[in-house]
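Visitor: I have not looked at this one before. Can you walk me through it?
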Amino acid sequence: MQIIELSWWSLAGTALLVLALAVCTHLARLGVAREITIAAVRTVIQLALVGFVLETLFRFAALHWVALMGAAMVLVAGREVMARQNRRLTGGWAFGIGTVSMFVSSFAVAVLALTVVIGPEPWYRPQYAIPLLGMLLGNTMTGIALGLDRLTDTAWQQRHVIEGRLMLGEPWSAAIGGIRRDAMRTGMIPTINAMAAAGVVSLPGMMTGQILAGTPPALAVKYQILIMFLITVGTGFGTVAAVAAGSRRLFDERERLRLDRLSPARQRG
Amino acid sequence: MSTSGSGLQVHDLDCGILSQISLTVRPGEIVCLSGPSGSGKSRLLRAIADLDPHAGEIRLDGEPQTDVPAYRWRRRVMLLPAEAPWWLERVGAHFPDGPDAAAFEALGLPADAPDWPVTRLSSGERQRAALLRAVAREPRALLLDEPTANLDATTTEQVEAWLRQRIADRGIAALWVAHDMAQIARVADAHLRITEHRLEPAPCRSSS
């Protein structure tokens, strides 16, 4: 099947539709016209840049360039995890815990899938490695951000219960046990839901893309199943690691609850 | 101050607005602590239970706080706050070895209270149940932060009598924050008052 070429002119036509939406929201005084325009421009610039980077990367398919790209992706994702938390650990811990957990789980799962399951030649071939890592990081990032946000927020709200249990002589891990389990579950629920709804409610993006690009649906489905399993494993282990490390950091060496290690809550809505 | 000995020994403790606090509570003894609100009484108890960072030396039966894992220290040196939290649904579920119905009745609580949901307890009942919950863990020292604050006069004396008996029987070292001079006169073996960020010995009975 031939892939139909998209011309810049037809893209410009769609951009006019976005512009029309911006004008309508402006007239209706919804106050999002600026946001729509800025976000649309960002989409164009960011994706064009990434397209350029990928084209270059595909031409020089060297391991160190792929590794550099992966490192840049994990750092940006780590910053995003930190930005999405209402009360975050101070002193670089929010960034550190998020980034290290994402690095360990996403990279381990990606390398395992590339070398053992998919097996491209060479194993780090960027056409496979970068999109795979991107999907893993994107989902793991969401899981870790949700899990850590839930952990720190609940610990703050239930600080009296945690301290009450410490006073009764419970070890720190018992005093925060329920909150920690709850935070880990929160981080995993989106991927579990995505698996449960796949194909019934939503056609997953990667499968849709592959079918549009001419892959037989049966093969696209196999790839999608593989990706969803990898995402679930990566998100699950990443969230468990991040929440475990984050909850330890809420206590000091004398097992005291140290909420002074959290930044103040930001204004929400 | 001797480095070994029995009971609870606090030497040169600095915490919050209090500094250079030293005190000793022998086993089976009740030392009452009084002072205006905001004078740092609760902070002092929290430091002794090792819930707040602090400077100075604290020993239980001669053993320094820092030599004992923190959770084990808190199990032996138990802090009972004025309003202790409950986190499970049933009262009895908070007692690791099961609640002692006789003790519930001794404090004027219904014998079937352990089967109640926590929300059914009044604030006074909750306070007495929290006392039982703490004492059930057999601590060597008790840090009591106004343990009768929500109780009427009759129940207060009932709780005082039960606590004095228990403290004497088990040889518990008790530090008891109290406001009421009459209560101090009833329970205290010694009385310390916080004035100007320091501890000063005070009479157990008001002379006036």
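Guide: First a term: contact means heavy atoms within 4.5 Å. Helices (H or I, at least four residues) and strands (E, at least two) are DSSP runs, numbered from the N terminus. With those terms, what covers the buried residues of α2(A) includes α1 (8–27), α3 (63–83) and α5 (126–157) of chain A.

Visitor: Before we go on, what kind of model is this, and how are things labelled?
Guide: This is a predicted model, where local features need pLDDT of at least 70 and side-chain atom pairs count only at pLDDT 80 or more, while totals for chains, interfaces and linings use all residues. Residues are numbered from 1 along each chain as its sequence is written, chains are lettered from A and ligands numbered from 1 in the order in which they are written, and side-chain values use heavy atoms, with hydrogens and water left out.

Visitor: OK. How many helices and strands does chain A have?
Guide: Chain A has 10 helices and zero strands. Along the sequence the pattern reads α-α-α-α-α-α-α-α-α-α.

Visitor: What box do its C-alpha atoms fill?
Guide: The C-alpha atoms of chain A fill roughly 70 × 55 × 40 Å, taken along the principal axes.

Visitor: And how much of chain A is buried?
Guide: Of its 269 residues, 39% count as buried. Buried means under 20% relative accessible area, exposed over 50%, and partly exposed in between (1.4 Å probe, protein chains only). Among contacts in chain A with a separation of 6 or more, 72% come from residues 24 or more positions apart.

Visitor: Back to α2(A). Which residues are buried there?
Guide: A33(A), I36(A) and L57(A) are buried in α2(A).

Visitor: How does the span of that helix compare with what it should be?
Guide: The expected span of a helix is 1.5 Å times one less than its number of residues. Helix α2 of chain A (residues 33–59) has 27 residues and should therefore span 39 Å; its end C-alpha atoms are 39 Å apart, which agrees.

Visitor: V44(A): buried or exposed?
Guide: V44(A) is found in helix α2 of chain A and counts as exposed because its relative accessibility is 56%. V41(A), V44(A), I45(A) and L49(A) form a nonpolar patch on the surface, with about 370 Å² of accessible area together. Patches are made of residues with over 30% relative accessible area and no salt bridge, with like charges joined within 9 Å and nonpolar side chains (Val, Leu, Ile, Met, Phe, Trp, Tyr) within 5 Å. Accessible areas come from the Shrake-Rupley method with a 1.4 Å probe, and for residues only the protein chains shown count as cover.

Visitor: New topic. How many salt bridges are there over all chains?
Guide: The structure holds 22. A salt bridge is a side-chain nitrogen of Lys or Arg within 4 Å of a carboxyl oxygen of Asp or Glu. R84(A) forms one with E80(A), the closest N and O atoms being 3.4 Å apart. R84(A) counts as partly exposed because its relative accessibility is 37%, and E80(A) is partly exposed, with 27%.

Visitor: Which chains does the pair E163(A) and R46(B) join?
Guide: The side chains of E163(A) and R46(B) meet in a salt bridge (2.8 Å, N to O). E163(A) lies in helix α6 (residues 159–167) of chain A and R46(B) in helix α1 (residues 41–48) of chain B, so the pair joins two chains. Both residues are buried.

Visitor: Where is D252(A)?
Guide: D252(A) lies in the segment after α10 (217–249) of chain A. D252(A) counts as buried because its relative accessibility is 2%.

Visitor: What does its side chain reach?
Guide: The side chain of D252(A) reaches the backbone nitrogen of R254(A) at 2.9 Å and makes a polar contact with the side chain of R258(A) (2.9 Å). A polar contact is a pair of N or O atoms within 3.5 Å; within protein, one must be able to donate a hydrogen and the other to accept it, and residues adjacent in sequence count only if both atoms are side-chain atoms. D252(A) also meets R256(A) in a salt bridge (3.0 Å, N to O). Salt bridges that share partners join D252(A), R254(A), R256(A), R258(A), D260(A) and D50(B) into one network.

Visitor: What does D50(B) touch?
Guide: Not counting residues up to four places away in sequence, D50(B) touches R254(A), R256(A), Q65(B), W73(B) and R74(B). Its place is in the loop between α1 and β4 (55–60) of chain B, and D50(B) is buried, with a relative accessible area of 0%.
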